[in-house]
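Please keep the structure open while reading.

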Amino acid sequence: MTTKQTVAAIAATVDRLQPEFAAMSDAIWDYAELSFSEHQSAQTQIAMLEKHGFRIEREIADIETAFIGEAGHGKPVIAFLGEFDALAGLSQKAGIAAEQPEKSGGTGHGCGHNLLGTGSMLAAVALAKHLAENKLPGTIRYYGCPGEEGGSGKTFMARAGAFDDVDTALTWHPAPFNGVRSTNNLAVLEIYYRFKGVAAHASNGAHLGRSALDALELMNVGVNFLREHMPQDCRVHYAITDAGGKAANVVQSRTEALYLVRAPELPVALDLAARVDRIAKGAAMMTDTEVEIVFDRAATNLLPNITLESAIHANMVDLGPVPFDDKDVTFAQEIQNTLTPEAIKSSVRLYQIKKDVFLNGKVDGSSPLHLGLRDFEGESHFRAGSTDVGDVSWVTPTAQCWAPAWAIGTAPHTWQVVAQGKSAAAHKAFAHAAKSLASTGLDLILNPGLLAQAKAEWLEKTEGRPYQCPIPAHIGPKIDRP
């Protein structure tokens, strides 16, 4: 078979399987389960894998909702990464272009992980079937990765060695655009600072109190001064998770803040977090209070792999644009009408859309759906976000692509994402991603030189440094409850 013939064969398998996988995606959208509580979602995915002949390994890294499905035998081992967790407070009815929760305060798939996991699994199943039908060697794995939304699920799985024998890992993410966008994402550390003081009457006994709120405010001021003296590509931000109470005539005896410390490389993030720790300790000394520093979650910076990304892009060129129809465009326009012009411009800037493979004109959001393919420039650019895919990328060569499941201008973690999560356009997007990833996996099996080149690039970027898990060994996953 020629390359185009193999891509066509993979695409035909994906098209045949798409309806049952679309039903699975919609079911997971309905479940909308939070990090590490995705029991129905995980079981639904496991049942689908078993139906298609995959062997299942459960409770990876002692996480109840983490699992691996495997098919085939021998080398290479190609991994497809899937997610299926939702977000709190993002309940929204599907298929309407107006903010209307299904359940007040309920959960919702505000980052499209119902689509992400489905598309990655469909890629794994389609590729495994192709290998079996053509008697080709290779082990295909689907990794059910829970808790991406602040849970660092892949970080815990990497710490447990789940990816150690993988030759390469592939994944994708729903987006407003189609194509490969190579990014240098940031390492992130999530740390709680809990101050303990002494309560007292704020008027007639203030001298007896020791204010935890004063300590927290002084810490925040100190970190604000720190920002001038840290690398410009780092980030420090926080939320006050417990202000100590609402009574103004009480000296607050307890407070808590959650800090996120981000940097382009993990060692820099660790150094910066140590400086934040010292500020917190200084604030406690200034107020005669105590501070407890609790490391919560973390993810390592992402190592892009241009070799793998170029291979994915080549397959996306062969596939052509996503086959949207007029109904898809009409609904996307209704969603886009709820967005500001700046949101649309910002979306184009964020995804670095400069040229398009198939569209002659400039991609500016004037069409509500991306009907082309982002041109891949063959180099990476800075992005200030973080992902636990980064931890996998330090263990094995890793790459991802994007598929246009959302109207241009749609921002992640919004009701607009949830509203589009069951749309026909979203189903087409996950199928398109599956075709792109499965075709790339087949390239890596048929062309050992491509896999060797990807590994050589990975070795160069890691500089021989082994993976360092950013989460201390004694810390386990924290389960989010609705």
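A contact means heavy atoms within 4.5 Å. By that criterion, and not counting residues up to four places away in sequence, K461 touches L303, P304, N305 and I306. The model is predicted: local features need pLDDT of at least 70, side-chain atom pairs count only at pLDDT 80 or more, and totals for chains, interfaces and linings use all residues. Residues are numbered from 1 along each chain as its sequence is written, and side-chain values use heavy atoms, with hydrogens and water left out.

**Overall form**

- The protein chain has 13 helices and 14 strands; these are DSSP runs numbered from the N terminus, with helices being H or I of at least four residues and strands being E of at least two.
- The protein chain is as compact as a globular protein of its length, because its radius of gyration is 23 Å, close to the 23 Å that the globule rule gives for 482 residues. The radius is taken over C-alpha atoms, and the rule is 2.2 Å times the number of residues to the power 0.38.
- The C-alpha trace spans about 85 × 50 × 40 Å along its principal axes.
- Of contacts between residues at least 6 apart in sequence, 81% join residues at least 24 apart.

**Surface and charge**

- Of the 482 residues, 57% count as buried. Buried means under 20% relative accessible area, exposed over 50%, and partly exposed in between, with a 1.4 Å probe and protein chains only.
- The accessible surface comes to about 19,500 Å², and 52% of it belongs to carbon and sulfur atoms. Areas come from the Shrake-Rupley method with a 1.4 Å probe; for residues, only the protein chains shown count as cover.
- There are 42 positive and 55 negative side chains, and the centres of the two sets lie 1 Å apart. Lys and Arg count as positive, Asp and Glu as negative, while His and the chain ends are not counted. Each charge is placed at NZ of Lys, CZ of Arg, CG of Asp or CD of Glu.

**Cysteines**

- A disulfide is a pair of cysteine sulfur atoms within 2.5 Å, and the count by this rule is zero.
- C145 has its closest cysteine sulfur in C469, 14 Å away and therefore too far for a bond. C145 is buried, at 0% relative accessibility.
- For C401 the closest cysteine sulfur is in C111, at 15 Å, which is too far for a bond. C401 also counts as buried, at 0% relative accessibility.

**Helix residues**

- K461 is in helix α13 (residues 448-462) and is partly exposed, at 28% relative accessibility. Although K461 and L303 are 158 residues apart in sequence, their C-alpha atoms are 7.4 Å apart.
- H427 belongs to helix α12 (residues 424-446) and is buried, with a relative accessible area of 12%. Not counting residues up to four places away in sequence, H427 touches Q18, A22, D26 and K422.

**Backbone geometry in loops**

- K75 and P76 are joined by a cis peptide bond, with omega about 0°. P76 lies in the loop between β2 (67-73) and β3 (77-82).
- E59, a residue other than glycine, has a positive phi near 50°. E59 sits in the loop between β1 (55-58) and β2 and is partly exposed, with a relative accessible area of 47%.
- H413 is not a glycine either, yet has a positive phi of about 65°. H413 is in the loop between β14 (398-404) and α11 (415-419) and is partly exposed, with a relative accessible area of 38%.
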